[in-house]
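Have your viewer ready and follow along, one selection at a time.

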Amino acid sequence: MAGAGLVVGYALINGGEASAVGDLLMMAAVVVCGLGYAEGARLSRTLGGWQVISWALLVALPFMLLLTIANFPAPDAFAKVSAPAWFSFGYVSLFSMLIGFVFWYRGLVQGGIAAVGQLQLVQPFMGLGLAALLLHEHVSWMMLVVTLGAVICVAGAKKYAR
């Protein structure tokens with residue numbers, strides 16, 4: 001949670017507005033996703049990665065349909081969505097969220113949940129690097145410091161949790 005505090009502090013320093021509800025929802029999402037990853041990896045040992053993610057999607061479907069119906073935009077809003085945006089949506093849905101999880105869970109089973117989970121500590125740096133390289137985003141030293149601080153918090157929490 002200290003890592004999340006660093007990120008919130010960075011946003012506030014750089015003119016971002018704080019939302020207590022948004023911050024609480026973000027922290028709840030972090031907890032739920034962490035539990036989901038751990039349980040999914042544990043289930044992958046017996047079921048296999050593709051079955052775990054398929055069942056997870058099937059269980060989530062009724063909730064996602066309700067949220068979709070409750071937040072469905074006006075029909076003319078879809079005409080404003082560009083072809084690259086639809087392609088990106090399809091890519092993220094199919095590869096990142098479905099096929100990617102099959103390989104992620106398999107890797108967790110083969111390499112061990114704790115060992116492979118440590119690879120996620122590199123993910124924020126990869127995201128910043130790709131944003132700079134592919135999207136020509138400006139990555140400031142402060143972004144790197146905050147990212148490093150969050151990674152140190154996560155690593156420290158894992159180390160002292162043993």
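**Stop one: a charged pair**

Start by selecting Glu39 and Arg42, which form a salt bridge whose closest N and O atoms are 2.5 Å apart. Keep in mind as you look that this is a predicted model. Side chains of opposite charge can pair when their charged atoms come close.

**Stop two: the second largest pocket**

Next, select Ile53, Ala56, Leu57, Ala60 and Met97, the lining residues nearest the centre of the second largest pocket. This pocket holds about 920 Å³ of space, and 27 residues line it. Which helix gives the most to the lining? Colour H3 to see: it supplies 10 residues. H2, helix H3 (49-70) and helix H4 (83-111) each contribute at least two. Colouring the lining by residue type gives 22 nonpolar, four polar and one charged.

**Stop three: a buried threonine**

Finally, move to helix H7 (residues 141-161) and pick Thr147. With a relative accessible area of 13%, Thr147 counts as buried, because the cut-off is under 20%. Show its neighbours too: leaving aside residues up to four places away in sequence, Thr147 touches Pro124, Phe125 and Leu128.

Note on methods
Residues numbered from 1 in each chain as written. Predicted model: local features only at pLDDT ≥ 70, side-chain atom pairs only at ≥ 80, totals over all residues. Heavy atoms only, no water. Helix = DSSP H or I, 4+ residues; strand = E, 2+ residues; numbered from the N terminus. Buried < 20%, exposed > 50% of the residue type's maximum accessible area, 1.4 Å probe, protein only. Contact = heavy atoms within 4.5 Å. Salt bridge = Lys/Arg side-chain N within 4 Å of Asp/Glu carboxyl O. 1 Å grid on protein atoms, 1.4 Å probe; cavity = no way out; pocket = protein on both sides within 12 Å on 5 of 7 lines; lining within 4 Å. Points joined across faces, edges and corners; volume = space filled by probe spheres on them. Nonpolar A, V, L, I, M, F, W, Y, C, P; charged D, E, K, R; others polar.
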